[in-house]
Amino acid sequence: MPVEITWWGHATCTIEDSNTRVLTDPLFARRLAHLRRRRGALPSPDARRTDVALVSHLHADHLHVPSLARLAPGTRLLVPRGAPRSVPGLRRLAHLRVSEVTPGDEMAVGELVVRVVPARHDGRRLPVGPHRSPALGYVVEGEARTYFAGDTGLFDEMAEEVGQVDVALLPVGGWGPYLGEGHLDAGRAAQALARLAPRSAVPVHYGTYWPIGMDAVRPHEFHTPGEEFVRLAAEHAPQVAVHRLGHGESVRLEVAR
């Protein structure tokens, strides 16, 4: 049975594997604070249909309470440990089954196992709040092993801590003209791909949101990371099949173990 990946924009993806749907970092907003969606339609209502939603860290473009509120009653939601303390709005989502997780945890969801792995990224809820929660990645294990990196920098133990995977959903950019600490650009994402050595990869987290009024500031950082990742991945990890999706597009991947 193939795994199907749909990229809705930014870090929001649907992973369909073993008759189970997984949604990553749901973000269904046209505007978020100083950011606006510049490319791609909003995710279709079908994107909200999921068995489990995964939140990688507390930043508002990844943990977006209004988007989570639109998930169906009974949906499981995995969030970094301490998230309800840092984000009080989470405690109002009584219709969701919220579990706090930390690296090393494993959760069974339908026929899948979701394994929680570390990320290298600032896990605080910004711009305020003293509480810290870990930034996370997730490996969804079913017919395939699919790694959703969330937001992360490149780190020496990445391959060891993530383990062997078949598909990697890697961030290759961001939402502003400059990337700070704890992010992957196209070049560092290609290096991560060489370390992880999956069969397939999908670039995410680029070309969707951009600060209002900054359309002319380093526009290549908005438009080019996906193409640049494809080019650099061919140099660093030529054995990996890279699928650059448009917003709302899907790819079905056959996985042979």
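This is a predicted model: local features need pLDDT of at least 70, side-chain atom pairs count only at pLDDT 80 or more; totals for chains, interfaces and linings use all residues.

Biologist: How many aromatic pairs does a search of the whole structure find?

Modeller: The search turns up 2 aromatic pairs. One is Trp7 with Tyr206, a stacked pair with 5.3 Å centre to centre and 10° between the planes.

Biologist: Where do Trp7 and Tyr206 sit in the chain?

Modeller: Trp7 is in strand β1 (residues 3-9), while Tyr206 is in the loop between β14 (200-204) and β15 (209-211). They are 199 residues apart, so this pair links distant parts of the chain.

Biologist: And Tyr206, buried or exposed?

Modeller: Buried, because its relative accessible area is 3%, and the cut-off for buried is under 20%.

Biologist: OK, what about Trp210 and Phe222, how are they arranged?

Modeller: Trp210 and Phe222 are edge-to-face, with 5.5 Å centre to centre and 75° between the planes. Trp210 belongs to strand β15 and Phe222 to helix α5 (residues 220-223), so the pair ties together parts 12 residues apart in sequence. Both residues are buried.

Biologist: Which charged end sits over the ring of Phe222?

Modeller: That's Arg38, with its charged end 4.6 Å from the ring centre. There's also Arg120, which lies over the face of Phe155 at 4.1 Å from the ring centre.

Biologist: Switching to the core. Which residues touch the most other members in the largest nonpolar core?

Modeller: Tyr138, Tyr147, Leu193 and Phe229 do, in a core of 54 residues. Helix α4 (residues 186-196) gives the most to this core, with 6 residues.

Biologist: What lies apart from that core?

Modeller: Another core, of 18 residues, lies apart from it; Leu23, Val65, Leu71 and Leu93 are among them. As a general point, nonpolar side chains tend to be buried together in soluble globular proteins.

Biologist: Last topic: where is Ala159?

Modeller: Ala159 is in helix α3 (residues 158-162). Its relative accessible area is 30%, so Ala159 counts as partly exposed, given that buried needs under 20% and exposed over 50%.

Biologist: What is Ala159 in contact with, leaving aside neighbours within four places in sequence?

Modeller: Ala159 is in contact with Arg195 and Leu196. As for Ala197, 38 residues from Ala159 along the chain, the C-alpha atoms of the two are separated by 8.5 Å.

Note on methods
Residues are numbered from 1 along each chain as its sequence is written. Side-chain values use heavy atoms; hydrogens and water are left out. A nonpolar core is a set of buried Ala, Val, Leu, Ile, Met, Phe, Trp, Tyr and Cys residues joined through side-chain atoms within 4.5 Å. Buried means under 20% relative accessible area, exposed over 50%, partly exposed in between (1.4 Å probe, protein chains only). Helices (H or I, at least four residues) and strands (E, at least two) are DSSP runs, numbered from the N terminus. Rings of Phe, Tyr and Trp (its six-membered ring) pair if their centres lie within 6.5 Å; planes under 30 degrees apart count as stacked, over 60 as edge-to-face and the rest as tilted. A charge sits over a ring if NZ of Lys or CZ of Arg is within 6 Å of the ring centre and within 35 degrees of the ring normal. Contact means heavy atoms within 4.5 Å.
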